[in-house]
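Please open the structure in your viewer and keep the selection tool at hand.

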Amino acid sequence: MDDFYDCLAPLYHLIYQDWDASIAHQGEQLSRIIQTEWPSSVRVLDVSCGIGTQAIALALKGYSVAGSDLSSAEIERARREASSRRAEISFSVSDMRKAFDHHGDGFDVVISADNSVPHLLTNDEILLAFKQMHACLCPGGGCLITVRDYEVEDRGRDIVKPYGVRLQEKKRYVLFQVWDFEADRYELTFFFVEEDLQTRHVQTHVMRSRYYAVSVSKLRELLGEAGFTHVRRLDDVFYQPVLVGTKAK
Ligand SMILES: C[S@@+](CC[C@H](N)C(=O)[O-])C[C@H]1O[C@@H](n2cnc3c(N)ncnc32)[C@H](O)[C@@H]1O
């Protein structure tokens, strides 16, 4: 799994039409949710920060941010991207299932965004991660998870998900994913077809990973089991459903 993101790290920004615009937009949206749900929050922990999309966004909004991820290549890139944007973030490599063991407590908000949690392939693994996130929080602190809504996705084999075309430094990239389901797990193959517009040379970068197509309602239940109160699903506040839960005071 971490090999998938280690290979993806240099290309990850291409998933977005304009990564910097997405950082700014996500920063607006996430800080609005945090201010509404847990006003006066200062310390934020992102347990699946990747190359830093949300961690950088929240640091630029004035939060004190720590970010970790399983992929060391992504963390390396996140450090470079944060520093070039003058965002001060403490980055480290860690598994979200060991978030408390690694980071300790004292955080006001713990986040895991962009469908990271479904990389954990069983309910038990997700519950373990949620319990660790719970332990990282101060009393009254909040957990914010964003995920795909698998209830509205087709299931089967050979499902193609186009991601569009990106132009960068005289190169054209065509991005698409192929999904192959077995029951409620699926293998995702991500293709980046890179064409040099000057030489017409073409190469394809291919990466594979597995996901658990866990429903939002199951995640809600697991957050409750991990000790969170006031667990709710928020729609239309982010580009995918958001789950919030609070640690009792
Ligand atoms: C779709 S990416 C999202 C990254 C980032 N939040 C963003 O939006 O740019 C999913 C991330 O989850 C991370 N991840 C998967 N399993 C993990 C685990 N057990 N612990 C920590 N990070 C994990 C991956 O390495 C990857 O960076």
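The tour goes to the ligand, then to a set of strands.

This is a predicted model, in which local features need pLDDT of at least 70 and side-chain atom pairs count only at pLDDT 80 or more, while totals for chains, interfaces and linings use all residues. Residues are numbered from 1 along each chain as its sequence is written, and side-chain values use heavy atoms, with hydrogens and water left out.

**The ligand**

Next, display the polar contacts, which are pairs of N or O atoms within 3.5 Å. On Thr 53, a polar side-chain atom is 2.6 Å from a ligand oxygen atom. On Ser 48, a backbone N or O atom lies 2.9 Å from a ligand nitrogen atom. At Ala 113, a polar backbone atom is 3.3 Å from a nitrogen atom of the ligand. Of the 590 Å² of accessible area that the ligand has on its own, the protein covers 98% (Shrake-Rupley method, 1.4 Å probe).

**The strands**

Now select residues 159–168, strand E6, and residues 171–182, strand E7. These DSSP runs (E, at least two residues) are numbered from the N terminus. E6 and E7 pair in the antiparallel sense over nine bridges, where pairing requires at least two DSSP bridges. Ile 159 has Trp 179 in E7 as its bridge partner.

Which residue in the turn between E6 and E7 has a positive phi? Glu 169 does, at about 45 degrees.

Glu 187 in E8 stands opposite Asp 180.

Terms used:
Polar contact = N/O pair within 3.5 Å; in protein donor to acceptor, adjacent residues only side chain to side chain. Helix = DSSP H or I, 4+ residues; strand = E, 2+ residues; numbered from the N terminus.
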